[in-house]
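Please go through the model below with this report beside it. The sections cover conventions, symmetry, helices and selected residues.

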2 protein chains.
Amino acid sequence: MNPPARDAFIAALTKIVGPTHVITDPSMRASYETDWTGRFSGQALAVVRPKNTAQVAAVVSLCGEHGVPLVPQGGNTGLVGGAVPSEGSIVLSTTRLNNVGTVDEVAAQVAVGAGATLAAVQAAVRPRGLDVGVDLASRDSATIGGLIATNAGGERVLRYGSMRRQVVGLEAVLADGTVMKHMTGLTKDNTGYDLVRLFAGSEGTLAIITTVLLQLVPLPAKRTVALIGLADVATAQSVLTGLRLRLPQLTAAELFFDAGLELVREHAGLSAPMPDRHPVYLLVEAADVSDPTDALLFQLEKDVRIRDAVLANDTKGVAALWDYREGHTEAVSALGTPIKLDVAVPAAALPAFIAALPLIIEKVAPEAQMFMWGHLAESNLHVNLVNVNGDADRLTDAVLDIVIRSGGSISAEHGVGRAKAAWLERARSAPELAAMRSIKVALDPRGIFNPGVLFPE
Amino acid sequence: MNPPARDAFIAALTKIVGPTHVITDPSMRASYETDWTGRFSGQALAVVRPKNTAQVAAVVSLCGEHGVPLVPQGGNTGLVGGAVPSEGSIVLSTTRLNNVGTVDEVAAQVAVGAGATLAAVQAAVRPRGLDVGVDLASRDSATIGGLIATNAGGERVLRYGSMRRQVVGLEAVLADGTVMKHMTGLTKDNTGYDLVRLFAGSEGTLAIITTVLLQLVPLPAKRTVALIGLADVATAQSVLTGLRLRLPQLTAAELFFDAGLELVREHAGLSAPMPDRHPVYLLVEAADVSDPTDALLFQLEKDVRIRDAVLANDTKGVAALWDYREGHTEAVSALGTPIKLDVAVPAAALPAFIAALPLIIEKVAPEAQMFMWGHLAESNLHVNLVNVNGDADRLTDAVLDIVIRSGGSISAEHGVGRAKAAWLERARSAPELAAMRSIKVALDPRGIFNPGVLFPE
């Protein structure tokens, strides 16, 4: 865009949202142009911060007319560069679309702006005995729009599913600037294609989500957590299968390993959770209106494969056990900037996959250190590699390659973004990619929504 | 198509599937050309019954070349004419694609051909302690492919969701004859658009489903059912809200009314379930590995709004209580061919909607009789009208009109098919319809898949 055309475009943007909300100054733009890991960045023409759906629609129409790409951004907490501007694009920040509506207690639903943070929604609904089905560590920054656009997962997926399942209504601006509104809140509605769930997980490439109707879940009054020491991953899977069958209150099942636990203990100065060390740890949480402790204890006590277990059902004790799991991210980051790979494999392939990983990494980069943890119910592992020196790309290739050969997913919950766009061609078959591209072209013929995300430019 | 062209086309079809499986004789075609209600029918060029995915792909390619529309048909148990041939089309019957694979007990998944009946899958998985999350009365005929294509619901949606949620993998033939295979079985997979769940519920207009990977649920060992007499619908909703909060084992919550219960009793010769009659009945079922009776009883006993309740937890008693609910369809049909409308409204609007219905019907057709029942958790009602004489269309219009004005869905679970295609324009907004049409054109540019379904011809 030549300078006079750019100036005219900026002037038109300013007319829509007002001068305060079109940010062109480079120092002011910076925090919108780089993701929080610092790995991905790009230079935007401007950052625009609309305050309502009508302004979003006007911005989209304007971008369409001028052929300016548009990158939607929520809390900028993504891990795959999906909200970082492409060259010459504008960043559309949803943070001002942060209204949290009145809670409908009969339907257990609430309408919220795409820019409302998860924490803000939690604060609004928890006093009513309700909760959002998905929770994750970035709750104070991550926005509902971003969580849905990336179909975020987290630790409760085994009970409540990912974000896609929490959405019962959506308002979004389409590429031609029209506003699509489907806010019925009906949990059964078989009238045509499920556009709501198609837009969920489309990473801002099909529509700009502006408002969301969330289905809420009951807020459990009592939580019980057990940390279980086990001999191997296959045993952890089998123990979990039994627990899932017998405990409908089961909410989380997190897997980690001896090396990770020792690292967390050292970094955070935590005492050992149990007298002996074990190769594999499974942390399970049951949550219910009435105390699930007896039910969980009953299942654990009769299982001879469990080497040791500690249990907590008071706030402090529960938090202390979760610290062993949640301390992993920080402890690993303290060793240097890690490569973070978020993968899943079929359950039957998980033990062999986990056994093979160290050998593969050793071969590519003998100096590299691997730590991993994840969500066992979905065989979803966060593979973190530190001390990789110049081997980052080769390590990524080697790990994603065995994921694909195991029939797995190269992105279980973080999305594809720009980081893995080149990998998508190997992860999905040609007919799938062709169908996806057809849908992209059909809904965004000029390609103004988040170019470079999902499909390489 | 002129006779020589038709003969050449039939010959080419025969070459693909063999002479036994191309049915052109009118008397042999008849059962494929009319739906089971007898309300919808059409004349097909031929019925073709491929035995595997390669044959389906070849048939689709052939139809594409000749511009012959193709109507996929499973068990032909639909209620909206979605599997009835359009003029000059062929019916592609999936009944020979009926393979049921080996059950993966670690992942609790099974791969089945689209033509396998729900009953066949249930028979294969139940001995392993597993079950299909969706169950419905047409299980002996309804096929898995048809259930997914229409996103079938049924009585357990409150616990397990509709068919869309049971699918973790899909193989389908696209309109250009390519085979799209996504059979990973991963419950977390954020690599691009969710084509699997887009095809679910698309009623055969985007792709022909050939194989499905189903996520199974634990088969509960114990079932407890309570039939509850209540003063009104709002109270039933409130009682259900409490039960859902406190009983994660809750599986079903069916609503019916005094007039329906009396009709069922008379038709089937059943005794009264409780000493007094009540305006509203709520039938709830809890199912679990261990007996849920005490937990259910505890909740019911303390609720003063419950006028009366009977409870059963033995096989015979459970079936007897369900008979009061499941006897409705047959009892109403005995009065004459009913108009069957399957609608949902937002929970908050349900009591007013139910109160308004008789007045509206009385106004349009004073002679008509209404019976209704449904799934309370989703505010999904099956409105059945008998004695409608010449007022069928006006009654349908009047009921669907108030559904739309209540913010509801004109098809909660049966789909749109041909029956409600003309209504879709009023049920979904212009931008939604435009987006749906774009997707249809993108994936099926020649319009060979199920023309007339969803979008009026």
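## Conventions

Helices (H or I, at least four residues) and strands (E, at least two) are DSSP runs, numbered from the N terminus. This is a predicted model, in which local features need pLDDT of at least 70 and side-chain atom pairs count only at pLDDT 80 or more, while totals for chains, interfaces and linings use all residues. Residues are numbered from 1 along each chain as its sequence is written, chains are lettered from A and ligands numbered from 1 in the order in which they are written, and side-chain values use heavy atoms, with hydrogens and water left out.

## Loop residues with positive phi

Most residues other than glycine have a negative phi. Glu203(B) has a positive value, near 55 degrees. Glu203(B) sits in the loop between α8 (195-199) and β9 (208-215) of chain B. Its relative accessibility is 7%, so Glu203(B) counts as buried (under 20% relative accessible area; exposed is over 50%, partly exposed in between; 1.4 Å probe, protein chains only).

Asn387(B) also has a positive phi, near 65 degrees. Asn387(B) lies in the loop between β17 (380-386) and α14 (392-405) of chain B. Asn387(B) is partly exposed, at 42% relative accessible area.

## Two copies

A rotation of 180 degrees, with 0.0 Å of shift along its axis, superposes chain A on chain B at RMSD 0.0 Å. The two copies are thus related as by a two-fold rotation axis.

## Helices

Helix α14 (residues 392-405) of chain A has 14 residues and should span 20 Å at 1.5 Å a residue; its end C-alpha atoms are 20 Å apart, which agrees. The expected span is 1.5 Å times one less than the number of residues. Buried residues of α14(A) include Leu395(A), Val399(A) and Ile402(A). Their cover includes β15 (339-344), α13 (350-364), β17 (380-386) and α15 (421-427) of chain A.

Helices α10 (residues 258-268) and α12 (residues 315-333) of chain A pack at about 75 degrees, with axes 8 Å apart. That makes α10(A) roughly perpendicular to α12(A) (65 to 115 degrees). The contact (heavy atoms within 4.5 Å) includes Leu261(A) and Val264(A) of α10(A), and Tyr324(A) and Ala331(A) of α12(A).

Which strand holds Glu285(A)? Glu285(A) belongs to β13 (residues 280-288) of chain A. At 5% relative accessibility, Glu285(A) is buried. Its side chain makes a polar contact of 2.7 Å with that of Trp322(A). A polar contact is a pair of N or O atoms within 3.5 Å; within protein, one must be able to donate a hydrogen and the other to accept it, and residues adjacent in sequence count only if both atoms are side-chain atoms.

Asp131(A) is in strand β6 (residues 130-131) of chain A. Asp131(A) is buried too, with a relative accessible area of 2%. A polar contact of 3.4 Å joins its side chain to that of Arg156(A). Asp131(A) and Leu216(A) are 85 residues apart in sequence, yet 5.5 Å apart in space, C-alpha to C-alpha.

Key. Copies are superposed by least squares on the C-alpha atoms of residues with pLDDT of at least 70 in both. Axes are lines fitted to C-alpha atoms, for helices over the stretch in contact, and angles run from 0 to 180 degrees between N-to-C directions. Angles under 35 degrees count as roughly parallel, over 145 as roughly antiparallel, 65 to 115 as roughly perpendicular and the rest as oblique.
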